[in-house]
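Dear colleague,

Please find below the structure I am handing over to you. My findings follow it.

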Amino acid sequence: MTSNPHILIVGHVGQVGLELQRSFAGFGPVTAVDRESVDLADADQTRDLVRSTQPDIILNAAAYTAVDRAESEPAVAHAINAQAPRILAEEALRRNTLLVHYSTDYVFNGSKPEPWLETDEPAPLNVYGQTKLDGEQAIQQVGGRYLIFRTSWVYGPHGNNFLLTMLRLACERSSLSIVDDQFGSPTTSIELAQATFTIVEGILAGRFGAPRDWAGLYHMTCADSTTWFGFAQAIFARAAAQLGVNSPALAPLATKDYPTPAQRPRNSVLSNAKLLSRFGVRLSPWQSALDAVFQALVSDNVAPPGPTQTPSTQK
Ligand SMILES: NC(=O)c1ccc[n+]([C@@H]2O[C@H](COP(=O)([O-])OP(=O)(O)OC[C@H]3O[C@@H](n4cnc5c(N)ncnc54)[C@H](OP(=O)(O)O)[C@@H]3O)[C@@H](O)[C@H]2O)c1
């Protein structure tokens, strides 16, 4: 494949999109679009985007990620999370473009006690998870040179996420109750973008063989797991030490005592064994990845308070 590839980043102001821009800077010319320039809910705009930019690589970091709101907006969520990925895949196939797409741990119902494998049967509990699963299946049906990375509990130094919500709430509240019976792997946008770059660069360099050897669906999360409560504890320990933030008193909460419009899986920890065996890529443990985000917050002097979000839910 071509050197100096033309890269199209869709959703470049989202958490993952922002970090993809950093990781791929210098790899080739980048066209980065947001909702203002292209509305993925519009099929014609989505198709025209690829036809007019003619990219060698599409990195689709855009999605309808409001898990609770999706329950009351299933058609919009489906258009963005399922219809748009299908069109991107069709257009990618037409010109042999590499398509990278992200999906979610919420395709699973959470009933399995062990980490979920790519071969496990998805059974989403909510509209968001169903639309993301529909998007995965659409891309797989189209085929071609594609990678789908299922990830979980995404956060980073920027955007709307659990970490920044916790830091904001620390300034507003003296106590917080956080869900302690949902298990997952917090994963940073930084780790996701770096791992994506390593894999894409390797594919273009021919290190992973032909598309039949690497195209497919992979789990991609930071290593180890915790609950939202455990994640919050780790955040506040670092916030106190590095940002001088006063920690609120934390109390564990059961999911049944925190009703939300969208049901969430009890265990959505993903096994990353396939990613490691196929690409030799392993993301950091979530604890050291969290350290790296705090380093970024300290060095970027990022203001902690973010937009309002409930403390015990995720996207
Ligand atoms: N966040 C998580 O916890 C999580 C967990 C598992 C998987 N994932 C997956 O990881 C990927 C990246 O997630 P993220 O956390 O980076 O999401 P994010 O921060 O919410 O960013 C998503 C981006 O998509 C854009 N977008 C939404 N609707 C659009 C439309 N109609 N047209 C064009 N752009 C649109 C958003 O634009 P606006 O800012 O204008 O809305 C935003 O920039 C997604 O595929 C997501 O499903 C995320």
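What pLDDT does the chain average, and what share of the residues score at least 70? The model is a predicted one; the chain averages a pLDDT of 94, and 95% of the residues score at least 70. The stretch that calls for care is residues 305-315, over which pLDDT stays under 50. For these residues the model has 27 contacts beyond four places in sequence. Where pLDDT is low, the predicted coordinates should not be read in detail.

Overall fold

The chain comprises 11 helices and 12 strands. Its radius of gyration is 19 Å, close to the 20 Å that the globule rule gives for 315 residues, so the chain is as compact as a globular protein of that length. Along the principal axes, the C-alpha atoms fill a box of roughly 55 × 40 × 40 Å. Of the 315 residues, 47% count as buried. Among contacts between residues at least 6 apart in sequence, 83% join residues at least 24 apart.

In soluble globular proteins, nonpolar side chains tend to be buried together. Here, the largest nonpolar core has 83 residues. Its largest share, 8 residues, comes from helix H4 (residues 74-94). The residues with the most contacts inside this core are Ile 58, Leu 59, Leu 99 and Met 166. Leaving aside neighbours within four places in sequence, Met 166 is in contact with Ala 232, Ile 235 and Phe 236.

Ligand surroundings

The ligand is surrounded by 29 residues, of which the closest are Gly 14, Gln 15, Ala 62, Ala 63 and Val 154. Helix H1 (15-24) and strand S4 (98-104) are the elements that give two or more residues to this shell. The most comes from H1, with 3 residues. By class, the shell has 13 nonpolar, 10 polar and 6 charged residues.

Backbone points to inspect

Most residues other than glycine have a negative phi, and most peptide bonds are trans. Gln 54 has a positive phi, near 50 degrees, and is found in the loop between helix H2 (43-53) and strand S3 (57-60). Gln 54 counts as exposed because it has 12 C-beta neighbours inside 10 Å. Asp 224, likewise not a glycine, has a positive phi of about 70 degrees. This residue lies in the loop between strand S10 (216-219) and strand S11 (226-227). With 14 C-beta neighbours inside 10 Å, Asp 224 counts as partly exposed.

Yours sincerely

Terms used:
Residues numbered from 1 in each chain as written. Predicted model: local features only at pLDDT ≥ 70, side-chain atom pairs only at ≥ 80, totals over all residues. Near = placed C-beta within 6 Å. Helix = DSSP H or I, 4+ residues; strand = E, 2+ residues; numbered from the N terminus. Nonpolar A, V, L, I, M, F, W, Y, C, P; charged D, E, K, R; others polar. pLDDT = per-residue confidence, 0-100. Contact = placed C-beta atoms within 7 Å. Core = buried A, V, L, I, M, F, W, Y, C linked by C-beta atoms within 7 Å. Buried ≥ 20, exposed ≤ 12 C-beta atoms within 10 Å, placed from the backbone. Rg over C-alpha atoms; globule rule 2.2 N^0.38 Å.
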